[in-house]
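Dear colleague,

I am writing to hand over a structure for your study. Please look through the sequence and the coordinates first; my findings follow below them.

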Amino acid sequence: MKVLLGITGCIAAYKAPELLRLLQKRGCEIHVAMTENAQNFVTATTLAALSRNHVFTGMFSDPDSVSGLDIAIDHIRLAHSVDLLLVAPATANALAKFANGIADDFLSTLYLATRAPVVIAPAMNSDMWSHPAVQANLRRLVSLGVSIVEPEEGYLAEGIIGKGRLAALETIVDRAFQAGAPPQDFRGDTVLVTAGPTCEDIDPVRFLTNRSSGKMGYQLAQAAQRRGARTLLVSGPTKLDPPGGVEFIDVRTTEQMREQVMKHLAEASIVIKAAAVSDFRPSATAGQKIKKDGQSLFLELVPNPDILKEVAAKKESRILVGFAAETESVLQNGLKKLEAKSLDLLVANDVSQPGAGFDSDTNIVTILTRDGKRLELGKRSKADVAEQILNEILAFRKRHA
Ligand code: PMT
């Protein structure tokens, strides 16, 4: 795998030569681009010696170039030729530039020019990490398909303990391989994923919905697509951009989601239902905005169709995966749903725990299978949970081949 290692200016940059060596040990060819600030922590000479390649340090500051133009052209050439862009460590400044499309140095320009998968391992002070602006940039990057290797809790350069230390180098290397050279183990499959909430209109301005952000389902769709599947994503309204390469079907209500799922069911070999579907809808939608008149308003709700149950009735040989968002007796309720909805796998989600379920970037789930397997996953990014669910689908299929 040909990797472009981007290094930005923070103390963790001293670990970059070791990261480079680990990637080389796994057979990678490495090219390095450093920001100006990164050169305060590690030298280009060290990285050139280790990588045995020219190290890019600036758009117009390269001693070998006849003019800045050579370098500007080089960044496009390099951007197009790598299998992966790995930025480690990434500062808050680098995240902000990538998230907002600012291209004012070699690395940020290269980020915009490449179509290779991007993995970013941030490192910074814990207060900076938790700042809403940094978190907003991270969310934006995740929605653009970037894999974030979250920093760890630990002893920081400032002498305090907090979250912000660069992730373990082995973890970064594993994530680099997952992103840059994903196994094509879903080639030949068509995976249909549902994601996000559904909205049920009360009147032209009000509706019933839930807190689903779509993140879990979008990560599943992206992972399936990257692992070679033709992927259909049927999504309720979210703020996310659809992952590249996925066939995106936009819906609003449960009835619309049902219609699209049933329309495409025949094409799907695997169905994964991560959407948080409204179980009820108003019995009628008012044509005009309902006016207040000082009196209580009673809404009559009628049950929505259970899409998963309808799919299960036409299951045939396809693999059917459901989710269960629970706040109590998670496993017992999960097992009941596995049975009641004739599923092959059920992802039981304890949505009462911090860092799990709705709208968070992480999740805590237990994957249950029809043949009695149980895999408990501690708190992980939704990208990792998605990969694990796909692994369990393949393992289940192998056991029942
Ligand atoms: O979108 P995020 O913010 O990332 O949050 C992720 C999530 C919490 C939404 C996701 O991980 C999750 O748990 N999704 C399922 C939520 C849910 O609606 O669970 P449920 O227990 O009500 O439904 C069980 C299953 O039946 C689900 O697969 C659901 O898609 C399906 N269902 C439910 C009702 C209905 N009328 N039709 C359905 O198909």
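Predicted model: local features only at pLDDT ≥ 70, side-chain atom pairs only at ≥ 80, totals over all residues.

On the side of domain 1 that touches domain 2, the elements giving two or more residues are helix H7 (132-143) and helix H8 (169-180). That side of domain 1 is made up of 4 nonpolar, 4 polar and 3 charged residues.

As for the domains themselves, the assignment for the protein chain places domain 1 at 2-180 and domain 2 at 190-399. The contact between them draws 11 residues from domain 1 and 10 residues from domain 2. Their C-alpha centres are 34 Å apart.

The size of an interface is often expressed as the accessible area lost when the parts come together. Here, about 840 Å² is buried between domain 1 and domain 2, and carbon and sulfur atoms give 38% of this area. The rule also finds 2 salt bridges across this interface.

The ligand has 27 residues around it, of which Ser 212, Ser 213, Lys 337, Asn 349 and Asp 359 come nearest. A polar backbone atom of Gly 214 is 2.8 Å from a ligand oxygen atom, and one of Lys 215 is 3.3 Å from a ligand oxygen atom. For Ala 274, a backbone N or O atom lies 2.9 Å from a nitrogen atom of the ligand.

With kind regards

Conventions
Residues numbered from 1 in each chain as written. Heavy atoms only, no water. Domains from an automatic or database assignment. Contact = heavy atoms within 4.5 Å. Buried area = accessible area lost by both parts, 1.4 Å probe. Salt bridge = Lys/Arg side-chain N within 4 Å of Asp/Glu carboxyl O. Helix = DSSP H or I, 4+ residues; strand = E, 2+ residues; numbered from the N terminus. Nonpolar A, V, L, I, M, F, W, Y, C, P; charged D, E, K, R; others polar. Near = heavy atom within 4 Å. Polar contact = N/O pair within 3.5 Å; in protein donor to acceptor, adjacent residues only side chain to side chain.
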